[in-house]
Amino acid sequence: MAWQAHWRGWSVALIDRLDVQTSSRVAAGLVTPITGSRAAASWRWNEFYSVAEHFYTQVEHATAASIWHVEPALRVFRSEKEKALFENKWIEPRPSADTVSIRAKSVLHPRTIGWKAPFGMSSMEPAARIDTAAYLSATQRFFEGRDAFIKFNLNCDRDIVFDSQNVEYPLTIATLQIAGKRIVFCQGIAARENRVFNDLPLHPARGDILVVLSPNVLIDQVIHHDAWVVPFGAGRFVVGATYDRALLVDQDEHNQERAKQFRDELMRRWESLTEGSFLGGQHVVQEQRWAIRPASYDRHPLIGPHELHRNVFCLNGLGSKGTLMAPLLAEMLIDAMGGEPIDPALLRSRRK
């Protein structure tokens with residue numbers, strides 16, 4: 001949102017508490033055209049991907065940071081049935097208008113060592129990944145350089161004053177001594193603590209990932225199988241991700257037990273992909289990370305204005321597709337501020 005507003009020439013204040021355990025910071029940043037057991041195209045792929053590619057390239061130019069990595073992803077099949085389903089849909093497809101840009105082909109000689117693929121694999125493109133940590137750091141530096149980034153743990157109920165009588169600046173944050181015409185809440189699961197948008201129909205899900213060191217396993221492309229695997233060079237991989245709706249945020253003992261279960265589950269998936277037992281057991285689980293995905297009840301984003309405060313907006317509910325969808329959704333939301341209608345499939349109030 002901050003980038004899209006900045007490129008429109010608007011004055012921006014970007015406020016973030018810089019929590020290290022958020023879904024944006026834990027996410028692998030994958031942009032994948034074909035997903036799920038049904039080998040379906042990502043929803044509205046063409047429009048979301050074309051905007052995302054342009055957006056992240058622009059950010060790279062503005063910040064001199066390397067964040068956007070385009071490379072075909074590999075789908076490793078788990079059975080002959082899955083392979084047949086995928087190939088019937090994608091190897092000789094009759095593309096629809098929404099999927100015409102997606103290409104897939106069988107891979108006979110992958111650039112891999114130590115991976116099991118008894119049922120074969122296919123490449124999928126275009127596919128990409130953003131380095132989410134680098135992207136967030138570059139964004140912070142860019143707006144800090146324009147005195148437009150504020151590290152602050154905003155309490156939406158206490159700190160924001162709505163004054164509809166003030167036509168020029170109806171919103172003020174006295175604590176920070178700033179005022180504005182509009183405010184957009186991009187809070188993920190934290191929106192539940194905001195009285196303005198605590199009624200969002202979010203169905204959050206915990207996701208765990210592992211950082212695994214395995215020097216005898218080599219690959220330079222993202223793999224999708226029972227898990228996804230992202231290579232970072234020198235035998236370092238990120239393996240993910242779990243999807244758990246039983247959120248026990250106030251029960252540490254149960255959470256620790258679930259964290260162990262998720263670790264074991266991810267290692268089982270890793271073993272299903274690698275030759276032998278970690279090629280002689282030479283592996284190390286370096287780190288386990290987790291965060292809460294802000295998924296919506298129907299897995300589609302939730303954007304739009306508040307019913308009473310028409311200059312207050314939200315962008316939420318992106319689930320596991322934030323990297324792909326966020327650039328276009330932010331553009332749509334800014335257009336809506338100028339009077340353009342929001343697609344009913346995206347409108348935050350559609351459930352009502």
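Colleague: Where is Thr32 found in this model?

Modeller: In this predicted model, Thr32 sits in the loop between strand 2 (30-31) and strand 3 (34-35).

Colleague: Is Thr32 buried or exposed?

Modeller: Buried means under 20% relative accessible area. Thr32 has 9% relative accessibility, so Thr32 counts as buried.

Colleague: Which residues is Thr32 in contact with, leaving aside neighbours within four places in sequence?

Modeller: Thr32 is in contact with Ser42, Trp45, Met124, His224 and Lys321. With His224 there is also a polar contact, side chain to side chain, at 3.4 Å.

Colleague: Ser42 is on that list. What is the place of Ser42, and with which side chain does the side chain of Ser42 make a polar contact?

Modeller: Ser42 lies in the loop between strand 4 (40-41) and helix 3. Its relative accessibility is 2%, so Ser42 counts as buried. The side chain of Ser42 makes a polar contact with that of Lys321 (3.1 Å). Beyond four places in sequence, Ser42 touches several residues, including Thr32, Asp98 and Leu324.

Colleague: Let's turn to helix 3. How should I read two packed helices?

Modeller: They are described by the angle between their axes and the distance between the axes. Here, the axes of helix 3 (residues 45-63) and helix 5 (residues 132-144) come within 10 Å and cross at roughly 55 degrees. The two helices are therefore oblique to each other, and the crossing is left-handed.

Colleague: Which residues meet there?

Modeller: Phe55, Tyr56, Val59, Ala62 and Thr63 in helix 3 meet Tyr135, Ala138 and Phe142 in helix 5. By type, the contact has seven nonpolar residues, one polar and no charged.

How values were computed. Residues are numbered from 1 along each chain as its sequence is written. This is a predicted model: local features need pLDDT of at least 70, side-chain atom pairs count only at pLDDT 80 or more; totals for chains, interfaces and linings use all residues. Side-chain values use heavy atoms; hydrogens and water are left out. Axes are lines fitted to C-alpha atoms, for helices over the stretch in contact, and angles run from 0 to 180 degrees between N-to-C directions. Helices (H or I, at least four residues) and strands (E, at least two) are DSSP runs, numbered from the N terminus. Angles under 35 degrees count as roughly parallel, over 145 as roughly antiparallel, 65 to 115 as roughly perpendicular and the rest as oblique. A crossing is left-handed if the near helix is turned anticlockwise from the far one by less than a right angle, and right-handed if clockwise. Contact means heavy atoms within 4.5 Å. Ala, Val, Leu, Ile, Met, Phe, Trp, Tyr, Cys and Pro count as nonpolar, Asp, Glu, Lys and Arg as charged, and the others, Gly among them, as polar. Buried means under 20% relative accessible area, exposed over 50%, partly exposed in between (1.4 Å probe, protein chains only). A polar contact is a pair of N or O atoms within 3.5 Å; within protein, one must be able to donate a hydrogen and the other to accept it, and residues adjacent in sequence count only if both atoms are side-chain atoms.
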